[in-house]
Amino acid sequence: MEYLFVYGTLTQSSAHPMAEFLRGNCQFVEKAYVHGRLYLVTDYPGLVLSKNSQQRVIGNIYGTSKMDNVLKVLDDYEEVGPGFPYPQEYKREHISAYNKKAQQAFQCWAYIYNFPTDNLKLIQSGDFGDFMENH
C-alpha cells in the first residue's frame with residue numbers, strides 16, 4: 001500500500017468533488033500532520049515544508065494499492081507534471097507524515113506549494129478546515 005497526505009480541499013470532511021474521488025478510490029488511514037506552514041492561496045491552501053518540528057500542518061493520510069491511478073487524476077487536478085506550463089503552482093513530493101497517536105511516520109505523496117508566499121496569509125493553526133469554519 002502507498003500513502004497520500006492531503007491538507008486542504010481534498011480532506012475527508014470536504015465536499016469537494018476531488019475529495020469524493022479520494023474517498024471512493026482510497027482508504028482513509030487517519031488524521032496526521034507534517035512539519036510545515038500552511039498559507040491561504042485564494043480559497044484553497046498551500047503547504048510549505050519546514051524543518052521546525054513546532055510548525056505543523058494538519059491533514060489526512062489515505063492509502064491505496066492503486067496509487068499510480070489516483071496520482072494521475074490528482075496530478076491533472078493540481079496541474080502537476082510535464083503536461084502543464086512551468087513554473088507549476090504545486091510539486092508532488094514524497095514526505096514524512098506523522099499520526100497523532102503514536103507519532104508513527106508514514107512516507108506519503110503530497111502536493112507542496114511551489115510559489116513565493118510573501119503576499120499570502122499564514123494559517124497559524126495549520127488546519128485549513130478549522131480556518132475555514134472560523135472565517
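The second largest pocket of this predicted model has a volume of about 240 Å³. A pocket here is an open set of points on a 1 Å grid over the protein atoms alone, with a 1.4 Å probe fitting at each point and protein on both sides within 12 Å along at least five of seven lines, and lining residues have an atom within 4 Å of a point; grid points are joined across faces, edges and corners, and the volume is the space filled by probe spheres set on the points. Of the 14 residues that line the second largest pocket, Thr 9, Tyr 44, Tyr 77, Glu 78 and Tyr 90 are the closest to its centre. The elements giving two or more residues to this lining are β1 (2-6) and α2 (67-78), where helices (H or I, at least four residues) and strands (E, at least two) are DSSP runs numbered from the N terminus. By class, the lining has 9 nonpolar, 2 polar and 3 charged residues, with Ala, Val, Leu, Ile, Met, Phe, Trp, Tyr, Cys and Pro counted as nonpolar, Asp, Glu, Lys and Arg as charged, and the others, Gly among them, as polar.

Residues are numbered from 1 along each chain as its sequence is written. Local features need pLDDT of at least 70 and side-chain atom pairs count only at pLDDT 80 or more, while totals for chains, interfaces and linings use all residues, and side-chain values use heavy atoms, with hydrogens and water left out.

The largest pocket has a volume of about 330 Å³. Among the 17 residues that line the largest pocket, those closest to its centre are Thr 11, Ser 13, Asp 127, Gly 129 and Asp 130. Two or more lining residues come from each of β4 (56-64) and α3 (128-133), and α3 supplies the largest share, 5 residues. This lining divides into 4 nonpolar, 9 polar and 4 charged residues.

Helix α2 also packs against another helix: the axes of α1 (residues 17-25) and α2 come within 11 Å and cross at roughly 175°, the axes being lines fitted to C-alpha atoms over the stretch in contact, with angles running from 0 to 180 degrees between N-to-C directions. The two helices α1 and α2 are therefore roughly antiparallel to each other, a term for angles over 145 degrees. Met 18, Phe 21, Leu 22 and Asn 25 of α1 meet Val 70, Val 73, Leu 74 and Tyr 77 of α2, contact meaning heavy atoms within 4.5 Å. These residues divide into 7 nonpolar, 1 polar and no charged.

In the loop between α2 and β5 (90-99) lies Glu 79, which has a positive phi of about 55° although it is not a glycine. Pro 87 has its place in the loop between α2 and β5 as well, and the peptide bond from Tyr 86 to Pro 87 is cis, with omega near -5°.

Notes: Parallel < 35°, antiparallel > 145°, perpendicular 65-115°, else oblique.
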